[in-house]
Amino acid sequence: MTDKNKRIASEIYQYVGGQTNVNKVVHCMTRVRMEIKDYNKVDLEGLKNIEGVMGVVEDDTLQVVVGPGTVNKVAKEMVDMVGVELGEDFPNATTVSGKEAVNQKAAEMKAEVKKKNQKPWSKALKSIANIFVPLIPAFVGSGIIGGFASIIKNMLTAGSISGDAWVNIASVASIIQSGIFAYLVIYVGINSAREFGASPSLGGVIGGITTLTGMNPDLPLPNIFTGDNLSPGQGGIIGVIFAVFLLSFIEKKLHDIVPESIDIIVTPTISLMVMGLITIFLIMPIAGVISNSLVGALNWVLNIGGAFAGFVLGASFLPMVMFGLHQILTPVHLEMIEQTGSTLLLPILAMAGAGQVGAALALWVKCRKNTQLTELIKGALPVGILGIGEPLIYGVTLPLGRPFITACIGGGVGGAVIGLIGNIGATSIGPSGVALIPLIANGHWFGYVLGLLAAYAGGFVATYFFGTTKEMQIGA
């Protein structure tokens with residue numbers, strides 16, 4: 001760990017009220033996420049002014065944006081200082097006076113009330129994020145490997161390359177890619193169980209049940225609503241999440257009523273039997289209809305809406321990221337990939353990040369006398385080009401106001417181009433920007449690149465002419 005990471009970790013603790021004011025620390029791709037005991041002790045302005053911090057987001061957790069690559073190192077430094085692992089509760093070993101204990105208890109109660117009074121959609125978004133964020137590195141790595149496998153296969157088919165060595169390389173890459181996508185329902189089941197308070201192993205089994213691996217193909221199980229045969233994977237990850245959500249209630253209730261001496265035998269057996277039947281005969285058919293309808297409706301909108309739909313989606317995605325609403329789209333992307341082989345939604349939404357890149361370049365050119373701003377842009381622009389937009393959002397465009405709006409316009413321009421061309425999909429999720437090019441399905445990468453260039457140009461032009469003020473240009 002570098003001195004820079006230690007400094008950022010120490011200063012974060014300084015401005016959140018010390019280690020004793022934190023319950024636990026986790027992180028995602030760009031943010032250190034902390035559960036805070038008493039928000040009255042948090043100095044938000046101090047946090048924002050830490051060198052290396054790009055922004056602060058207040059939610060049910062306090063989120064400090066430090067950027068990809070740095071975030072895991074800073075979070076590791078923070079837990080090492082306390083002597084725990086990531087995600088573990090901090091020890092409360094500090095002796096406090098009676099008055100401090102009362103104040104601390106009051107702060108805890110206030111935080112608990114705030115948590116209970118959260119809007120349902122906010123809790124749902126947090127749960128979705130907690131289920132899928134740990135899987136993002138796997139999506140990114142295996143997706144890119146799978147993209148290269150597709151390129152090799154296309155070149156083999158076209159006769160550009162030949163030989164058993166290339167065939168074997170493509171096969172190995174495809175096997176690696178399948179390590180996540182072939183068993184995604186199991187991973188989702190495990191993470192869902194962790195989120196909802198069920199046993200992770202039982203959650204994984206529920207996910208595995210949806211594959212219908214033990215079913216006799218000559219005697220398939222029926223869909224009790226239609227009379228058709230059940231299909232492996234029917235209902236997808238949406239069904240798995242809901243099934244594990246119900247599992248958590250059953251398992252917790254059984255833990256309460258089953259004697260401890262036989263709990264280890266009775267509880268998992270009854271939980272799996274009850275939820276197995278419910279999952280196979282109720283959840284899979286119903287979730288299957290929901291998934292098919294959702295994917296079908298989105299594809300219809302994208303195909304019929306064309307450039308207009310692309311503009312609206314591309315322009316509105318940055319505000320969704322700002323409020324954390326983009327997390328709800330992850331299972332939608334995965335369902336589209338599962339059913340059609342690619343998601344037509346992701347390339348359009350990726351234009352939002354490209355619009356930010358164009359806006360940042362315009363700021364760099366027009367505000368070159370503002371050395372503080374240009375230094376921020378230099379740090380955030382490379383990862384923005386690769387599709388990780390939060391450093392640009394929280395460090396550059398959003399604090400300035402106008403450039404955030406003009407970046408959205410750039411995203412809309414790129415989205416309109418993608419929508420106009422049509423049928424540009426991605427075979428995996430995770431990266432966007434330039435990093436998404438290898439994952440574009442069916443060789444339509446040229447159309448995606450045209451969209452990127454249009455978004456860069458749209459964001460640049462809109463910001464250069466309408467997105468700056470004299471104060472931004474001189475750094476006043």
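## Cysteines

Is C367 buried or exposed? In this predicted model, C367 is buried, because its relative accessible area is 0% and the cut-off for buried is under 20%. C28 is buried as well, with a relative accessible area of 11%.

A disulfide is a covalent bond between the sulfur atoms of two cysteines. How many disulfides does a search of the whole structure find? The search finds 0. C28 takes part in no disulfide, and the cysteine sulfur nearest to it, that of C408, is 20 Å away. For C367, the closest cysteine sulfur is also in C408, and at 18 Å it is too far for a bond. The cut-off for a disulfide is a pair of sulfur atoms within 2.5 Å.

## Helix α14 against helix α18

Two packed helices are described by the angle between their axes and the distance between the axes. Helix α14 covers residues 351-366 and helix α18 covers residues 445-466. The two pack at an angle of about 40°, and their axes are 7 Å apart. Because of this angle, α14 is oblique to α18. Their crossing is right-handed.

On the α14 side, the contact includes M351, A354, G355, V357 and G358. On the α18 side, the residues include Y448, G451, L452, A455 and Y456. By class, the residues of this contact are 14 nonpolar, 5 polar and 1 charged.

## Helix α14 against helix α15

Helix α14 also packs with helix α15, which spans residues 371-385. Here the angle is about 155° and the axes are 10 Å apart. An angle over 145 degrees counts as roughly antiparallel, so α14 is roughly antiparallel to α15. This crossing is left-handed.

Which residues of α14 make the contact with α15? They are V357, A360, L361, L363 and W364. From α15 come T374, I377, K378, L381, G384 and I385. The contact of α14 with α15 divides into 8 nonpolar, 2 polar and 1 charged residues.

## The loop residue V434

Where is V434? V434 lies in the loop between α17 (402-421) and α18. V434 is partly exposed, with a relative accessible area of 33%.

Leaving aside neighbours within four places in sequence, V434 is in contact with I385, L386, L452 and Y456. V434 and I8 are 426 residues apart in sequence and 29 Å apart in space, C-alpha to C-alpha.

Key: Residues numbered from 1 in each chain as written. Predicted model: local features only at pLDDT ≥ 70, side-chain atom pairs only at ≥ 80, totals over all residues. Heavy atoms only, no water. Buried < 20%, exposed > 50% of the residue type's maximum accessible area, 1.4 Å probe, protein only. Axes fitted to C-alpha atoms, helices over the stretch in contact; angles between N-to-C directions. Helix = DSSP H or I, 4+ residues; strand = E, 2+ residues; numbered from the N terminus. Parallel < 35°, antiparallel > 145°, perpendicular 65-115°, else oblique. Left-handed = near helix turned anticlockwise from the far one by under 90°. Contact = heavy atoms within 4.5 Å. Nonpolar A, V, L, I, M, F, W, Y, C, P; charged D, E, K, R; others polar.
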